[in-house]
4 protein chains.
Amino acid sequence: MNTFGHILRLTTFGESHGEAIGGVLDGFPAGVRIDLQVIQSWLDRRRPGQSSLTTQRTESDKIEVLSGLFEGSSTGAPIAFIIRNQDKKSEDYEHLKNVFRPSHADFTYQAKYGIRDYRGGGRASARETAVRVAAGAFAYHILAQIQIQIHAFVSQIGNLKMTEVPGNLTEELIESNGVRCPDVLIAAQMIEYIEKIRDQGDSIGGVVSCCIQNTPVGLGAPIYAKLHADLAQAMMSINATKGFDYGDGFDGLTLKGSEQNDEWINGKLTSNHSGGIQGGISNGADIRFRVAFKPTATISKSQKTMNLTGEQVDLSAKGRHDPCVLPRAVPVVKAMAALVIADHLLLNQTVSIK
Amino acid sequence: MNTFGHILRLTTFGESHGEAIGGVLDGFPAGVRIDLQVIQSWLDRRRPGQSSLTTQRTESDKIEVLSGLFEGSSTGAPIAFIIRNQDKKSEDYEHLKNVFRPSHADFTYQAKYGIRDYRGGGRASARETAVRVAAGAFAYHILAQIQIQIHAFVSQIGNLKMTEVPGNLTEELIESNGVRCPDVLIAAQMIEYIEKIRDQGDSIGGVVSCCIQNTPVGLGAPIYAKLHADLAQAMMSINATKGFDYGDGFDGLTLKGSEQNDEWINGKLTSNHSGGIQGGISNGADIRFRVAFKPTATISKSQKTMNLTGEQVDLSAKGRHDPCVLPRAVPVVKAMAALVIADHLLLNQTVSIK
Amino acid sequence: MNTFGHILRLTTFGESHGEAIGGVLDGFPAGVRIDLQVIQSWLDRRRPGQSSLTTQRTESDKIEVLSGLFEGSSTGAPIAFIIRNQDKKSEDYEHLKNVFRPSHADFTYQAKYGIRDYRGGGRASARETAVRVAAGAFAYHILAQIQIQIHAFVSQIGNLKMTEVPGNLTEELIESNGVRCPDVLIAAQMIEYIEKIRDQGDSIGGVVSCCIQNTPVGLGAPIYAKLHADLAQAMMSINATKGFDYGDGFDGLTLKGSEQNDEWINGKLTSNHSGGIQGGISNGADIRFRVAFKPTATISKSQKTMNLTGEQVDLSAKGRHDPCVLPRAVPVVKAMAALVIADHLLLNQTVSIK
Amino acid sequence: MNTFGHILRLTTFGESHGEAIGGVLDGFPAGVRIDLQVIQSWLDRRRPGQSSLTTQRTESDKIEVLSGLFEGSSTGAPIAFIIRNQDKKSEDYEHLKNVFRPSHADFTYQAKYGIRDYRGGGRASARETAVRVAAGAFAYHILAQIQIQIHAFVSQIGNLKMTEVPGNLTEELIESNGVRCPDVLIAAQMIEYIEKIRDQGDSIGGVVSCCIQNTPVGLGAPIYAKLHADLAQAMMSINATKGFDYGDGFDGLTLKGSEQNDEWINGKLTSNHSGGIQGGISNGADIRFRVAFKPTATISKSQKTMNLTGEQVDLSAKGRHDPCVLPRAVPVVKAMAALVIADHLLLNQTVSIK
């Protein structure tokens with residue numbers, strides 16, 4: 001259950017305070033030139049300690065590629081890579097050894113497996129997403145060959161929302177502020193709000209939006225592997241997610257069919273309520289979707305919970321936790337989107353005999 | 001790509017106006033007594049022609065079981081079943097042969113495969129969901145052995161929303177009105193609204209909510225097969241869906257961590273913002289999620305589109321189409337939930353050696 | 001566990017004396033013209049009652065296609081088909097209801113599932129192979145587009161062996177006698193021998209050999225899905241098989257490396273000890289493999305066994321059983337080979353980005 | 001295509017002269033105590049340089065576990081491990097850079113992928129089997145909990161064959177000589193023969209036999225995942241294999257049904273022609289199978305071949321190659337058997353609802 005994808009398949013492993021986390025990316029096509037500096041730059045966007053909005057842990061998150069590349073190109077063999085865990089302060093977690101954090105995986109892991117690596121959250125740690133980011137960065141090399149672009153960004157924090165996606169969405173614009181929101185005015189408010197929440201020992205959630213540009217027509221599948229169904233699973237598999245929608249999504253439900261259908265005029269689509277996908281298959285328009293992330297479960301405010309033997313406990317979590325995961329979730333959403341799109345590009349090649 | 005599930009795997013087939021639609025349900029445990037009348041009753045809830053709110057096509061949707069049962073019980077062999085297509089009026093679709101309906105799968109199927117069974121929407125027809133309903137009804141027999149219950153219902157049509165889920169949610173209450181909304185006052189408004197929309201030759205969307213009760217602790221998986229990720233894919237694979245969220249979902253994003261975390265008091269959860277799932281694994285509380293459905297794409301109002309050769313066309317769809325898919329989507333959501341939960345029950349048995 | 005294949009995936013169902021047997025062939029490429037008479041002709045080669053060497057049951061084995069074809073071509077949707085069970089004499093099996101036939105699946109099915117459809121052998125019946133033959137015949141339409149040919153034939157019955165494969169191997173030659181051995185002199189001896197065995201109420205096994213011609217270079221995969229490993233699983237999944245080898249196989253073990261290696265002279269392979277596969281990937285030479293089939297377990301000679309409660313029983317099986325499955329296994333081996341090769345053709349298209 | 005197994009799934013990676021080889025073992029049940037010294041001892045049996053019969057490369061093959069264990073037990077999380085490549089003499093392979101070794105993967109990899117890591121054979125190297133051995137050793141910990149034992153041994157080298165498997169088969173007996181044949185008289189002849197072949201710069205093949213004891217009744221599946229079909233694929237996926245059979249296999253084809261069927265007398269099986277599997281499901285008797293390995297393709301004798309541009313070349317391979325892979329293949333066969341059996345133990349738990 002630690003494998004994702006149909007043809008391009010990512011298998012991941014690793015606990016937060018174990019030796020290393022890592023992944024094996026199988027089904028990667030041969031002959032693609034890989035720029036490891038690009039991979040590292042994706043990881044750098046996700047790693048902790050980037051700004052005042054995120055955890056102050058400092059992990060260098062250096063990728064070490066073990067296989068699958070030869071003289072700078074993919075060979076068709078599985079690409080394996082690891083990221084060593086360095087800044088492990090397992091003693092920060094000693095007080096969580098016998099206590100279940102509210103709304104965290106602590107309890108459910110213990111119940112399911114009867115054993116739990118509590119150090120740093122173990123396998124449940126968001127640290128696992130670093131592997132997704134590295135894998136997505138590899139996948140992006142495939143997409144780049146045909147000029148597909150993916151932009152993920154923060155569009156909502158608490159009740160602070162962007163009202164409109166700017167037409168000239170670029171990575172530079174998204175990276176222009178610490179919260180990764182391309183609307184710089186709202187971004188400033190978001191940053192102020194997150195800092196306030198952080199100082200309260202609390203946390204806050206929000207929405208990461210994503211736009212995939214220049215996708216060819218025909219990616220996806222009619223029934224269970226609908227492109228948006230695969231995107232939904234990909235996104236909902238990221239830690240702390242609570243919802244997914246695409247195109248007009250939940251917000252468009254008040255529109256009638258005649259208002260929400262995308263008409264063609266002179267062979268061109270005049271709107272994109274569909275979010276670039278019809279019947280589970282890309283129609284060539286931008287693919288647009290949103291992912292909801294809840295507030296971080298681990299907070300320093302005191303909360304009522306129980307310990308391993310079911311006794312009542314008050315818990316104020318120590319350690320270094322993000323007050324808001326959204327800024328660091330941006331590269332994760334982008335990476336998962338890259339994996340899904342690359343996978344469906346490969347899958348699409350099996351639809352007819354060449 | 002027509003198979004769904006890990007251990008309990010449903011493979012489906014069939015076009016709307018072909019010979020039959022059907023499915024093969026593999027991995028079904030042996031020795032479960034099956035009541036075919038229950039299966040048929042699920043199908044009867046989904047079939048067309050039930051009320052003024054739905055299409056006037058009349059399909060009896062009689063299930064024919066071909067294999068996998070012996071003397072009333074499952075044998076561990078695959079359960080195959082078909083549903084013959086009867087009320088085929090393919091001539092209703094002759095005018096769609098060369099035209100792409102806006103926001104429909106017509107264009108994307110043609111582009112992907114270079115060939116398309118246009119009659120009745122072919123494989124893209126919502127008729128395919130009948131197979132899911134039958135399969136889900138089989139799966140429900142597994143859940144019933146341990147008293148798991150699933151209630152799906154309409155909670156929103158256009159901007160008409162239920163404000164609160166009644167405590168005494170029952171199938172009888174849900175079935176007490178044509179729109180399958182357990183709040184009978186809102187239900188009456190919804191019905192009136194859908195009839196108005198229908199008379200305009202238009203369509204409207206909404207939300208199906210679902211509540212799974214009495215789920216054991218421990219279903220799900222840590223990373224890619226998180227219970228909510230599998231539910232998301234299951235739901236987003238249903239025709240016309242636009243969004244999925246669980247627990248507080250999109251609506252809870254304004255709450256802080258201290259407000260959204262579920263605390264334990266005396267070993268009991270005092271709230272359920274999590275929607276019954278933490279870290280991808282069920283925690284024993286009710287599993288609550290929502291699914292957004294867009295307005296039916298096929299409407300009789302005139303729309304601008306293009307034909308196979310890219311020429312401009314005005315299209316007013318003929319045929320018998322639902323002005324609102326929500327009432328008939330209720331049993332589909334329930335069925336997909338049953339498949340996912342049964343699958344994870346089986347999968348959970350592999351977590352330790354017995 | 002009733003699904004076979006990576007991209008081209010066959011899911012099968014059905015018990016020998018149930019309503020029908022059938023299959024769903026998913027991942028079949030779009031736009032392939034299908035000749036249903038060819039499919040039926042493959043089934044006719046496998047069906048019972050063809051000659052004195054095989055069971056005298058008469059099943060017409062008429063295929064009924066339910067989905068996936070439109071105006072004579074594949075659409076990319078799953079191809080589902082059923083074959084009704086007609087000549088069911090379940091009373092022939094009443095005496096086997098509580099008794100385990102020696103070396104048959106009776107005991108193991110009962111032990112594994114706690115329930116068993118004993119009529120006609122249920123799911124364990126070789127009747128299931130009819131579905132494989134139909135699916136293989138569909139797959140063969142893909143291979144025919146690039147002139148790949150597959151010839152399967154009987155090369156050994158008991159200790160009667162062909163010494164050499166004729167250079168001009170054709171389907172006509174194979175079909176020229178009832179035992180499907182292209183060496184007509186040995187064939188006559190085989191037939192005489194099988195008839196003698198049959199008259200003794202006994203059974204005999206042998207070898208089906210297979211030669212795949214005109215395969216492109218590059219089919220297969222380096223590690224677990226080696227072309228010969230997939231062929232091995234495909235063949236060993238056929239009822240009554242006991243062994244598989246390819247190229248020189250078991251018989252070549254006495255040769256040294258210098259004798260068994262295939263050298264290139266002037267860019268041409270001068271021998272084919274490898275059987276057309278090196279490192280798990282086809283090298284363009286003929287793919288040659290053998291499949292061993294044991295004697296039919298169900299014989300009319302008296303045998304010692306036990307019943308459901310473990311008591312000692314003498315059993316003389318009634319009913320109509322093949323004294324030798326080999327002649328009817330020939331189209332099954334051919335069909336499974338066609339499925340594997342077509343699957344790897346599709347898979348090979350994902351190795352690079354086009 | 002680098003993943004093996006249904007529930008217990010091994011994904012492997014790594015090239016012979018890359019940074020490391022390794023694997024991820026997913027689906028491993030929680031709470032199993034792991035003895036890493038046992039894992040290492042399995043690897044030590046496979047590593048090069050053990051005797052005069054094998055290659056003189058010296059790889060310490062030290063396993064480094066990266067994840068999935070906590071305080072000595074499995075946690076249900078994926079177990080990842082790597083083995084660093086140490087004794088890399090890539091210059092030994094420089095002369096093979098542009099030349100295809102006869103009957104090796106060199107040509108087919110190049111043709112399939114258009115690129116090839118020629119150093120040490122890259123991904124095609126038998127070094128990959130070290131990962132299988134480590135994974136199998138983990139799996140064996142599951143089997144040990146219910147006293148399942150697996151013994152693999154050399155039963156044939158060239159035309160030197162063991163005539164009978166000793167009743168008291170033990171690992172000590174198998175390990176008592178360098179060729180790992182439990183018949184010490186034949187073993188001595190085998191060793192002498194291999195040394196002679198080695199001195200000729202040539203190579204020789206043979207058979208590894210395997211016996212799985214104390215298997216519960218009920219492992220396997222009726223159709224495509226028949227226990228022997230999964231074993232066949234597992235074994236045929238090992239480098240240099242040419243054939244697989246089980247029970248009486250190819251050698252039993254001369255026996256009639258009345259001679260080959262296993263009768264029950266007083267509820268006990270009196271013979272084991274079936275090799276412990278009937279209808280694809282284990283019957284509780286010892287599982288017995290054989291695997292044929294061809295002579296090592298890489299030999300120092302001069303051979304005719306071609307280079308990358310198709311020109312005629314004479315090749316005498318340098319480097320350190322095994323004259324006979326059989327002794328080192330023994331732990332690989334055992335490991336793959338352990339993986340298959342453990343996988344089916346887990347799978348069997350999904351057959352009914354507990």
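Visitor: How many bridges join strand β10 (residues 206-213) of chain B to strand β16 (residues 287-293) of chain B?
Guide: In general, strands of a sheet pair through backbone hydrogen bonds, either parallel or antiparallel. Helices (H or I, at least four residues) and strands (E, at least two) are DSSP runs, numbered from the N terminus, and two strands pair if DSSP finds at least two bridges between them. Here β10 and β16 of chain B share seven bridges and run antiparallel. Within this pair, B:Cys210 stands opposite B:Phe289 of β16(B).

Visitor: What should I know about the model and its numbering?
Guide: Residues count from 1 along each chain as its sequence is written, while chains are lettered from A and ligands numbered from 1 in the order in which they are written. The model is predicted, so local features need pLDDT of at least 70, side-chain atom pairs count only at pLDDT 80 or more, and totals for chains, interfaces and linings use all residues, while side-chain values use heavy atoms, with hydrogens and water left out.

Visitor: In what order do the strands of the open sheet of ten strands stand?
Guide: The order is β9(A)-β8(A)-β10(A)-β16(A)-β11(A)-β11(B)-β16(B)-β10(B)-β8(B)-β9(B), and the pairing is antiparallel. At the edges stand β9 (160-161) of chain A and β9 (160-161) of chain B, each with a single partner strand, so one side of each has no neighbour in the sheet.

Visitor: Where do chain A and chain B pair, and over how many bridges?
Guide: Strand β11 (residues 241-246) of chain A pairs with strand β11 (residues 241-246) of chain B, antiparallel, over three bridges. A:Phe244 has B:Phe244 as its bridge partner in β11(B). In chains C and D, strand β11 (residues 241-246) of chain C and strand β11 (residues 241-246) of chain D also make an antiparallel pair over three bridges. There, C:Gly243 has D:Asp245 in β11(D) as its bridge partner.

Visitor: Which strands of chain B make up the open sheet of five strands?
Guide: Its order is β1-β2-β3-β7-β4, with antiparallel pairing. The edge strands are β1 (3-4) and β4 (63-67) of chain B, each pairing on one side only. Strand β4(B) is joined by four bridges to strand β7 (residues 79-84) of chain B, and the two run antiparallel.

Visitor: How many residues does each of chain A and chain B give to their contact, and what area do the two bury?
Guide: The size of an interface is often given as the accessible area lost when the parts come together. Buried area is that loss, taken with a 1.4 Å probe and summed over both parts; contact means heavy atoms within 4.5 Å. Chain B gives 103 residues and chain A gives 102. Between them they bury about 7,800 Å², with 61% of it on carbon and sulfur atoms. B:Tyr224, B:Lys242 and B:Trp264 supply 12% of the area that chain B buries against chain A, more than any other three residues.

Visitor: What is the count of salt bridges between chain B and chain A?
Guide: A salt bridge is a side-chain nitrogen of Lys or Arg within 4 Å of a carboxyl oxygen of Asp or Glu. Between chain B and chain A the count is zero, whereas over all chains it comes to 88. One example is the pair A:Glu175 and A:Arg45 (2.3 Å, N to O). This pair links distant parts of the chain, 130 residues apart: A:Glu175 lies in the loop between α4 (171-174) and α5 (184-199) of chain A, and A:Arg45 in helix α1 (residues 36-46) of chain A.

Visitor: What area is buried between chain D and chain C?
Guide: The area is about 7,900 Å², and carbon and sulfur atoms give 61% of it. The contact takes 102 residues from chain D and 103 residues from chain C. Salt bridges between these two chains number zero.

Visitor: By what turn and shift can chain D be laid on chain C?
Guide: Two copies of a chain are related by a rotation about an axis and a shift along it. Copies are superposed by least squares on the C-alpha atoms of residues with pLDDT of at least 70 in both. For chain D on chain C, a turn of 180° and a shift of 0.0 Å along the axis give an RMSD of 0.0 Å. That is the relation of a two-fold axis. Of the interface residues of chain D, 100% are also interface residues in chain C, so the copies meet through the same surface.
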